[in-house]
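Try each task before you read its solution.

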Amino acid sequence: QVELVESGGGSVQAGGSLRLSCAASGFNRVTGYCMGWFRQRPGKEREGVAAIHTDSKRKYPGPMQDRFTISLDTNGKILYLQMNSLKPEDTAMYYCAADGRAWCSNTWWNAGWDYWGQGTQVSVSP
């Protein structure tokens, strides 16, 4: 079965950087999936951070695109989120997700994602 495992979260001061990783396993192919990062801040709804298609490498940026960059390793099995210039309001649980669609939805942030990781906590102090 599909498994997604996040890592790389932690505590950082405002202005710092973190790189999150999501190791994916259990897919019947290594290309042709939509993968993404989401976050949930305390007391707020889950929001999309960014998405990427594992085959075309097309990126679907979110509101934090000026500071956050999504990417894949060469074989498409590890999803990354590079976060720079972190702000206290970036404090959240960050999740990676994937689905088996052949393409990412135009409204990917509200799409029916099939698989989710357990999340990794990011805490940014002022």
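**Exercise 1. Decide whether Ser 21 is buried or exposed, and find what surrounds it.**

Solution. This is a predicted model, so start from its computed accessibility. Step one: the relative accessibility of Ser 21 is 16%. Step two: buried means under 20%, so Ser 21 counts as buried. Step four: look for contacts, leaving aside neighbours within four places in sequence. Ser 21 then touches Val 5, Glu 6 and Ser 7, along with Trp 37, Ile 78, Leu 79 and Tyr 80.

**Exercise 2. Find the disulfides of the structure and work out how the cysteines pair.**

Solution. A reminder to begin with: a disulfide is a covalent bond between the sulfur atoms of two cysteines. Step one: searching the whole structure turns up two disulfides.

Step two: take Cys 22 and Cys 96, whose sulfur atoms sit 2.0 Å apart. Cys 22 is in strand 3 and Cys 96 in strand 9, so this bond ties together parts that are 74 residues apart in sequence. The angle about the S-S bond is 55 degrees, and the link is right-handed. Cys 22 is buried at 0% relative accessibility, and Cys 96 is buried with a relative accessible area of 0%.

Step three: turn to Cys 34 and Cys 104, with sulfur atoms 2.1 Å apart. Their S-S torsion is about 110 degrees, so this disulfide is right-handed. The bond links distant parts of the chain, 70 residues apart: Cys 34 lies in strand 4, while Cys 104 lies in the loop between strand 9 and strand 10 (115-116). Cys 34 has a relative accessible area of 0% and is buried; Cys 104, at 3%, is buried too.

Step four: number the bonded cysteines in sequence order, and the pairing reads 1-3, 2-4.

**Exercise 3. Trace the salt bridges made by Asp 90.**

Solution. Side chains of opposite charge can pair when their charged atoms come close. Step one: the structure holds four salt bridges, and Asp 90 takes part in one with Arg 39, where the closest N and O atoms are 2.9 Å apart. Arg 39 lies in strand 4 (residues 34-40) and Asp 90 in the loop between strand 8 (78-83) and strand 9 (92-99), so the pair ties together parts 51 residues apart in sequence. Both partners, Arg 39 and Asp 90, are buried.

Step two: Asp 90 also bridges to Arg 67, with closest N and O atoms 2.7 Å apart. Arg 67 sits in the loop between strand 6 (59-61) and strand 7 (68-72), so its bridge to Asp 90 joins parts that are 23 residues apart in sequence. Step three: check the burial, which is 16% relative accessibility for Arg 67 and 0% for Asp 90; Arg 67 counts as buried, and so does Asp 90.

Step four: follow the shared partners. They join Arg 39, Arg 41, Glu 47, Arg 67 and Asp 90 into one network.

Definitions and conventions: Residues are numbered from 1 along each chain as its sequence is written. This is a predicted model: local features need pLDDT of at least 70, side-chain atom pairs count only at pLDDT 80 or more; totals for chains, interfaces and linings use all residues. Side-chain values use heavy atoms; hydrogens and water are left out. A salt bridge is a side-chain nitrogen of Lys or Arg within 4 Å of a carboxyl oxygen of Asp or Glu. Helices (H or I, at least four residues) and strands (E, at least two) are DSSP runs, numbered from the N terminus. Buried means under 20% relative accessible area, exposed over 50%, partly exposed in between (1.4 Å probe, protein chains only). Contact means heavy atoms within 4.5 Å. A disulfide is a pair of cysteine sulfur atoms within 2.5 Å.
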